[in-house]
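Thanks for asking me to look this over with you.

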Amino acid sequence: MAQPFRYVVQSGRLVGQAWTPPPLRPGQVLVEVRGIGVNRADLLQVKGLYPPPAGYDDVPGLEFSGRVVDAARTNRWRTGDRVMGLVAAGAYASHVVVDERHLWAVPSLLRDTEAAAVPEALTTAYLNLVWRGKLRPSEWVLVHSAAGGIGSTAVQLIRLLGGRSVGMVGSDHKAQVVQKLGAHHVFNRKEDRRQLQKRLGTLVPNGMSLILDTVGPGWEAFHAAVSAPGGRWLLIGLLGRLSESETFPWGRFLQKELVMKASRLRNKPPEFKASLMAEIADTVLPAYSEGWMRPVVDSVLPLDQWTTAFEKLKKGDVIGKIVLQP
Ligand SMILES: NC(=O)c1ccc[n+]([C@@H]2O[C@H](COP(=O)([O-])OP(=O)(O)OC[C@H]3O[C@@H](n4cnc5c(N)ncnc54)[C@H](OP(=O)(O)O)[C@@H]3O)[C@@H](O)[C@H]2O)c1
């Protein structure tokens, strides 16, 4: 095996270092990484604002694709298997040590670089829409950042599950992409908020049953207004600035008996992630094998160009995911 390496956070940047993977414990697998999905959490981790959970070294990277190179401590996988999976940190590396239950087999239609874009977005979208949001067929979902990593997956998943989505994007070009992914309607978030609310009210008079909220501050009144009675408001990100926060619409919240649930995937216990991934393997991965769902990959860059990837993501200049290759 070529000398393993990984990218460690040091004083606000990443430094490549030779590395010896630790001996595997029972149920662990060693994977040679072929692709790494880039997430906003990685940018925050490098800045020191989102440290890895206890027990992990300060190496970013939540998702990867690759080949199993050591399966001595697992009965689930064999050397050479093509896999994609989740780690709580550490994917910016040539190799990862991963819980055998946090891997999926890569559907044969997907290249390694596409597979690396799947795990974080799919588990987050499924956790929120299905487990927390209890999405039912024909319900309407408002999807913020609909052309982003999570949004582009959520729109396809909603269609697969028989729901209907309204995407929010920041440009006309992104709107076209999201429409093609299966959104019923797409709005430009930069348009006048009252006009948006009016148009949405006309198109979906009963309101949105679910809101997949990546923005938080600044949109609370809009969300309370466009929600259906009993709507579920799923907070997963805070892209909006806290300074833009409106007064929280308490009256409407109560009147409509809304439910707000917030969730973070990264810090969930291994058992939680294992059962989430097992359910998705049964219910959604076949859609990737049959071509009903596909990851949207914006660009593929070498791992040492991580700064270019981070800049692009920060600018919001990304459709789908950026993937790095070690
Ligand atoms: N809770 C969890 O478990 C979990 C897991 C993964 C990710 N997340 C979070 O979910 C959010 C979306 O993740 P992602 O991977 O889909 O991100 P992404 O691919 O980087 O997409 C983000 C997009 O959000 C849009 N946006 C809307 N309002 C914005 C604002 N005020 N500032 C900047 N961008 C804004 C931009 O697109 P437009 O210009 O087209 O609107 C931007 O391209 C992030 O906050 C991420 O940290 C949460």
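Below are some numbered points on this predicted model, going from domains to helices, salt bridges and a few loop residues.

1. Let's start with the overall layout. The protein is divided into domain 1, made of residues 5-118 + 297-325, and domain 2, residues 121-262. Notice that domain 1 is written as two stretches of the chain. The centres of the two domains, taken over C-alpha atoms, are 29 Å apart.

2. Next, look at where domain 1 and domain 2 meet. On each side, 11 residues take part in the contact. The size of an interface is often given as the accessible area lost when the parts come together. For domain 1 and domain 2 the buried area is about 770 Å², and carbon and sulfur atoms contribute 65% of it. Val118, Ile319 and Gly320 are the residues of domain 1 that lose the most area to domain 2, and together they make up 49% of what that side buries. How many salt bridges are there between domain 1 and domain 2? The count is 0.

3. Now find helix α4, residues 149-160. Its 12 residues should span 16 Å at 1.5 Å a residue, and its end C-alpha atoms lie 17 Å apart, which agrees. Of those 12 residues, 9 are buried, so α4 is largely enclosed by the rest of the structure. Among the buried ones are Gly149, Gly151, Ser152, Val155 and Leu157. After α4 comes Gly162, with a positive phi near 85°.

4. Which residues of α9 are buried? They are Lys273, Ala274, Leu276, Met277 and Ile280. These residues cover an arc of only 165° around the axis, which puts them on the same side of α9. On the other side, Glu271 and Asp282 are exposed. The cover over the buried residues of α9 includes strands β5 (82-86) and β7 (103-105), together with helices α3 (119-132) and α10 (285-289).

5. Salt bridges come next; the model has 17 of them. Elsewhere, salt bridges that share partners join Glu32, Arg34, Arg67, Arg82 and Asp112 into one network.

6. Let's zoom in on one link of that network. The side chains of Arg34 and Glu32 meet in a salt bridge, 3.1 Å from N to O. Arg34 is partly exposed at 29% relative accessibility, and Glu32 is partly exposed with 27%.

7. Compare that with the salt bridge between Glu100 and Arg76, where the closest N and O atoms are 3.9 Å apart. This pair links distant parts of the chain: Glu100 is in the loop between β6 (95-99) and β7, while Arg76 is in the loop between β4 and β5, 24 residues apart.

8. Most residues other than glycine have a negative phi, and most peptide bonds are trans. Lys134, however, has a positive phi near 50°. Lys134 sits in the loop between α3 and β8 (140-143) and is partly exposed, with a relative accessible area of 49%. Glu257 also has a positive phi, about 50°, although it is not a glycine. Its place is the loop between α8 (250-255) and β13 (259-262), and Glu257 is exposed at 60%. Leu49 counts as exposed, with 58% relative accessibility.

Conventions:
Residues numbered from 1 in each chain as written. Predicted model: local features only at pLDDT ≥ 70, side-chain atom pairs only at ≥ 80, totals over all residues. Heavy atoms only, no water. Buried < 20%, exposed > 50% of the residue type's maximum accessible area, 1.4 Å probe, protein only. Helix = DSSP H or I, 4+ residues; strand = E, 2+ residues; numbered from the N terminus. Arc of directions from axis to C-beta. Contact = heavy atoms within 4.5 Å. Domains from an automatic or database assignment. Buried area = accessible area lost by both parts, 1.4 Å probe. Salt bridge = Lys/Arg side-chain N within 4 Å of Asp/Glu carboxyl O. Expected span 1.5 Å × (residues − 1).
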